[in-house]
Amino acid sequence: MIINGVSIDDTFAEAFGMRGTRVIITAQNLRWAYNAARAMTGFATSVIACGVEAGIERELSPEETPDGRPGVSILMFAMSSAVLMKQLETRMGQCVLTCPTAAAFSGIDEGYPEITKINLGKNLRFFGDGFQTSKVFNGKRYWRVPVMDGEFMTEESTGMIRSVGGGNFLILAESQPQALAACEAAIDAMSKVPNVIMPFPGGVVRSGSKVGSKYKSLIASTNDAFCPTLKGITKTELSPEIESVMEIVIDGLTDPDIRVAMRAGIAAACELGAKHGIKRISAGNYGGKLGPYHFKLREIMA
Amino acid sequence: MSALTFTLKQSIQQRVDLSSLTPDKLVGKNINDIAAIQLDSGRLKLRVDSLFDISGDNAEDIVFNNANGKLDYIGSQMKSGRITVNGGAGSYLGFQMRKGEIVLHGNADAFTASGMAGGLLHVHGNVGDFLAAAIPGDRKGMKGGMVIITGDAGERAGDQMRRGIILIEGNVGSYCASRMLAGTIGVLGSVGDYVGYGMRRGTLLLTQQPKLHSTIQDCGTHTLPFLSLMFKSFQHLPSKFANINKNRVQRFAGDIANDGKGEILVFK
């Protein structure tokens with residue numbers, strides 16, 4: 001399969017079941033909603049060392065938010081519900097409770113077959129030291145915690161669902177700037193897709209990994225088959241003209257959400273095409289034995 | 001199916017307890033069974049058909065016509081459906097109501113919504129004293145749900161109220177929100193003396209500055225974000241409160257003689 005001179009590998013991305021949640025963060029204006037959201041989704045690129053993978057899903061207009069202020073929605077994914085609940089609580093406490101004017105609300109209430117209620121601000125209320133009050137509107141409980149800028153307001157809980165993490169594709173290009181340009185185009189297109197985040201810096205990861213290492217203490221190490229500087233001395237996957245490879249990883253609330261995002265991203269990269277040095281699109285997998293979700297590139301682009 | 005309608009035939013001297021005429025208790029019964037239900041009236045037992053003309057068959061939608069202030073416990077402990085009352089209601093309207101909807105076109109007497117735990121109670125008229133209060137012997141008044149009063153309420157509105165929302169579009173008598181435990185009361189009109197007397201927690205929202213006793217303390221004027229959320233949740237309500245969107249209030253806290261975590265918010 002060749003799109004605009006870019007060959008699409010006959011391979012698949014291998015993804016895993018994760019637990020995901022959405023939180024709506026509002027503030028006096030978008031600047032402060034972003035400040036809270038960026039803090040909350042900071043250091044959340046990979047579950048390997050961060051606990052969660054998190055990112056900003058999209059901006060919300062005042063009409064879309066529960067309290068009528070501007071906001072952003074964030075998505076957060078973890079390998080287990082226990083980790084997700086713990087991370088959500090600590091990040092809420094350090095990043096949203098602390099951020100001037102910010103408030104947090106549930107982002108998943110309905111529309112999925114199995115929604116588990118998890119604590120959003122339920123335990124943050126104790127910061128109020130007895131001065132906290134709760135209010136119930138339309139069956140949802142909110143907490144008001146007195147803080148120095150006025151009142152911190154948060155919904156008591158949000159919804160957690162079974163979701164999918166680790167969808168990915170690789171962009172192989174003739175030069176590093178060209179690979180990056182294609183990634184930027186792909187991320188721009190994918191950030192318009194709802195229900196997904198690309199958790200790595202700017203959505204792009206350059207240090208793709210393989211399982212295992214020559215060092216016993218490491219469970220993962222550099223994916224030498226895709227390292228362009230090792231073409232001559234390792235069992236390479238790269239043809240001579242490839243000089244740079246970058247990966248985009250996608251976490252989504254459901255399997256179809258990831259498919260839509262992958263298609264949008266690959267299409268945007270291919271639009272630049274061979275004349276901008278984009279040669280190949282591939283994907284990362286572990287032979288298909290580890291993850292239950294397989295995203296076949298040619299099927300997605302068909 | 002048409003609404004199951006009870007039309008009062010005569011003016012009654014004694015009070016009558018209508019707690020057995022709720023949708024959940026009448027669903028599945030035929031009209032003869034309903035007609036034979038015995039209602040308590042003082043020391044007498046009265047058959048339903050001796051007091052009311054009965055028509056219609058949809059027990060999920062009950063209508064009382066010609067109703068008056070002698071009819072107590074309308075919608076008591078109801079768990080589903082809808083009751084419409086045309087005329088007036090006695091005491092204990094919506095007593096310990098759980099779910100469903102009661103609409104009264106007329107005035108109700110004391111202890112309206114006492115012990116109410118859920119549902120919507122809408123009174124197009126005035127209510128007597130002890131709106132949403134606990135009956136003597138109970139330690140908690142209203143425990144949930146929504147009450148809308150288009151007219152005035154008497155004294156002790158919200159006494160020992162524990163949860164839920166009361167929206168009063170008219171005026172309220174003395175001791176409004178006395179001994180309140182939690183929940184929200186909004187009043188568009190005026191309130192009488194000793195507002196928030198013994199108030200423990202909860203929110204009383206006022207549009208006019210009330211006369212406050214000394215154990216209710218001024219906490220200054222603030223813009224409270226939860227008010228926007230609250231008024232947004234009121235937008236669909238059939239009430240004047242649906243059109244309010246203000247969040248600038250003067251906050252008074254108290255009653256500091258009794259824990260003092262309650263608040264009286266006055267629009268600025």
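Tutor: Here is a conversation about what the labels rest on. This is a predicted model, in which local features need pLDDT of at least 70 and side-chain atom pairs count only at pLDDT 80 or more, while totals for chains, interfaces and linings use all residues. Residues are numbered from 1 along each chain as its sequence is written, chains are lettered from A and ligands numbered from 1 in the order in which they are written, and side-chain values use heavy atoms, with hydrogens and water left out.

Student: Let us start with Asp67(A) and Arg69(A). What makes their pairing a salt bridge?

Tutor: A salt bridge is a side-chain nitrogen of Lys or Arg within 4 Å of a carboxyl oxygen of Asp or Glu. The closest N and O atoms of Asp67(A) and Arg69(A) are 2.9 Å apart, so the pair qualifies.

Student: Why is Asp67(A) called buried?

Tutor: Buried means under 20% relative accessible area, exposed over 50%, and partly exposed in between, using a 1.4 Å probe and protein chains only. Asp67(A) has 4% relative accessibility, so it counts as buried.

Student: Which residues are linked with Asp109(A) in a network of salt bridges?

Tutor: The network links Asp109(A) with Lys117(A), Lys140(A) and Glu155(A). Within this group, the side chains of Lys117(A) and Asp109(A) meet at 3.5 Å, N to O. Asp109(A) has a relative accessible area of 37%, so it is partly exposed. Over all chains, the whole structure holds 23 salt bridges.

Student: Now to Gly186(B). Why does Gly186(B) count as buried?

Tutor: Its relative accessibility is 1%, which is why Gly186(B) counts as buried. Gly186(B) sits in strand β13 (residues 184-187) of chain B; helices (H or I, at least four residues) and strands (E, at least two) are DSSP runs, numbered from the N terminus. Leaving out residues up to four places away in sequence, Gly186(B) touches Ile166(B), Leu167(B), Ile168(B), Leu205(B) and Phe241(B), where contact means heavy atoms within 4.5 Å.

Student: What is the place of Lys296(A), and what does Lys296(A) contact beyond its sequence neighbours?

Tutor: Lys296(A) belongs to strand β18 (residues 293-296) of chain A. Its contacts, leaving aside neighbours within four places in sequence, are Thr11(A) and Phe12(A). Lys296(A) counts as partly exposed because its relative accessibility is 43%.

Student: What makes the backbone of Asn195(A) worth a comment?

Tutor: Phi of Asn195(A) is near 70 degrees, a positive value in a residue other than glycine. Most residues other than glycine have a negative phi, and most peptide bonds are trans. Asn195(A) lies in the loop between α4 (176-190) and β12 (196-197) of chain A, and it counts as buried because its accessibility is 15%. In chain B, Asn66(B) also has a positive phi, of about 60 degrees, and with 49% relative accessibility Asn66(B) counts as partly exposed.

Student: Which peptide bond is cis?

Tutor: The bond from Gly254(B) to Asp255(B) is cis, with omega near 0 degrees. Asp255(B) is in the loop between β16 (248-254) and β17 (262-267) of chain B.

Student: How is chain A divided into domains?

Tutor: The assignment gives domain 1 (2-14 + 163-301) and domain 2 (19-161), with bounds that come from an automatic or database domain assignment. The centres of the two domains, taken over C-alpha atoms, are 30 Å apart. Across the boundary, 14 residues of domain 1 are in contact with 16 residues of domain 2.
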